[in-house]
Amino acid sequence: MRIPILKLYDYLLVSIQWELDDQTAIQFQEDLLSKIHQTGAKGVVIDLTSIDMIDSFIAKVLGDVVSMSNLMGARVVLTGIQPAVAITLVELGIGLNDVLTALDLEKGLEKIQSELGD
């Protein structure tokens, strides 16, 4: 199953609506990077509101997606991080220090717009 990636102006919006398995996570990573390349998106908002828990592999993939997106010139905002997900990311040492976060998708869009000066 593929995760939909929507384009809105110079941004890509992703709302992950189900728990990710390893194959879906890798496919998402490839799809997002391809979409950044195709569209020249300056920002990506990834909404994790529906994700209650993640395992170490998914956490690593998420960290990699953020790093890879930044390397391609797209700033990432993670929104809707649940407490258990935040705990897992910290406990696993997944470095998201430079990542913008917001409580919900609306605030995430506002944050990416202000960060990129739009």
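I looked up Arg 2 and found a salt bridge to Asp 31, with the closest N and O atoms 3.0 Å apart. Arg 2 lies in the segment before β1 (5-8) and Asp 31 in helix α1, so the pair ties together parts 29 residues apart in sequence. I took a salt bridge as a side-chain nitrogen of Lys or Arg within 4 Å of a carboxyl oxygen of Asp or Glu. Helices (H or I, at least four residues) and strands (E, at least two) are DSSP runs, numbered from the N terminus.

The model is predicted: local features need pLDDT of at least 70, side-chain atom pairs count only at pLDDT 80 or more, and totals for chains, interfaces and linings use all residues. Residues are numbered from 1 along each chain as its sequence is written, and side-chain values use heavy atoms, with hydrogens and water left out.

I then checked accessibility, where buried means under 20% relative accessible area, exposed over 50% and partly exposed in between (1.4 Å probe, protein chains only). Arg 2 is exposed at 55%, whereas Asp 31 is buried at 18%.

By the salt-bridge rule I count four. One of them joins Lys 60 to Asp 64, with closest N and O atoms 2.6 Å apart; both residues lie in helix α2, four residues apart.

Another joins Arg 75 to Glu 115 at 3.4 Å between the closest N and O atoms. Arg 75 is in strand β4 and Glu 115 in helix α4 (residues 105-115), 40 residues apart.

Last, I looked up Val 14. Beyond neighbours within four places in sequence, its contacts (heavy atoms within 4.5 Å) include Ile 3, Phe 28, Leu 32 and Ile 46.
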